[in-house]
Amino acid sequence: SNPSSELHYLEDTSVELYRLKIYGLPYQPEFHGWAFNRSNEEREQLFSKIPQDTDIILCHGPPYQILDHLKDGTSVGCPIFAKTIERVKPALVQFGHIHEDYGVMKVGNTICVNAANCTVRYVPINKPIVIDLKKKKPTAT
């Protein structure tokens, strides 16, 4: 079957599509009692499971100081996620949650995307962001 036509729910797991390893997890620091809020200790443990060879990380909330600013300038991202990006060095990190800081930012060789499609008032006007990643070269067996 065509992998692009299949649905993959990624919660603490990965899938390989088009020779790219994609890891997904939904966790964020405490925020209004929402689902997937986790303590620092829990997030530390959960983010530590992301394999070193991951190409793309999908997460609900942003890493600290990367497209995570509220209108008043407050940075509300996850410091543990930011450290994870430094450790794994994926090609792409994609998240949303903080609608006020939609956009793209490069951190080292990692492209970070806040793909929130709605404004802070939940008006869906942000345009889709398209990122073209090169496929990894096949490894010799």
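Me: How do the residues lining the second largest pocket divide into nonpolar, polar and charged?
Reply: This is a predicted model, in which local features need pLDDT of at least 70 and side-chain atom pairs count only at pLDDT 80 or more, while totals for chains, interfaces and linings use all residues. Residues are numbered from 1 along each chain as its sequence is written, and side-chain values use heavy atoms, with hydrogens and water left out. A pocket is an open set of points on a 1 Å grid over the protein atoms alone, where a 1.4 Å probe fits and protein lies on both sides within 12 Å along at least five of seven lines, and its lining residues have an atom within 4 Å of a point. The lining of the second largest pocket includes L20, V113 and D132, and by class its residues come to 8 nonpolar, 1 polar and 1 charged.

Me: Which strands each supply at least two residues of the lining of the second largest pocket?
Reply: Among the residues that line the second largest pocket are I56, L58, L92 and Q94. Strands here are DSSP runs of E with at least two residues, and helices are runs of H or I with at least four, numbered from the N terminus. The strands that each supply at least two lining residues are β3 and β4.

Me: What is the volume of the largest pocket?
Reply: The largest pocket has 15 lining residues, with C59, H60, Q94, F95 and G96 nearest its centre, and β2 (20-25), β3 (56-59) and β4 (92-95) each give at least two residues to that lining. By class the lining holds 8 nonpolar, 7 polar and no charged residues. The space in the largest pocket comes to about 230 Å³.

Me: Is D55 buried or exposed?
Reply: D55 sits in the loop between α1 (40-47) and β3, and its side chain reaches the backbone nitrogen of K21 at 2.7 Å. Buried means under 20% relative accessible area, exposed over 50%, and partly exposed in between (1.4 Å probe, protein chains only). Because its relative accessibility is 11%, D55 counts as buried.

Me: With which residue's side chain does the side chain of D72 make a polar contact?
Reply: D72 belongs to the loop between β3 and α2 (79-88), and it is exposed, with a relative accessible area of 61%. A polar contact is a pair of N or O atoms within 3.5 Å, one able to donate a hydrogen and the other to accept it, and residues adjacent in sequence count only if both are side-chain atoms. At 2.7 Å, the side chain of D72 makes this contact with the side chain of T74.

How values were computed
Points joined across faces, edges and corners; volume = space filled by probe spheres on them. Nonpolar A, V, L, I, M, F, W, Y, C, P; charged D, E, K, R; others polar.
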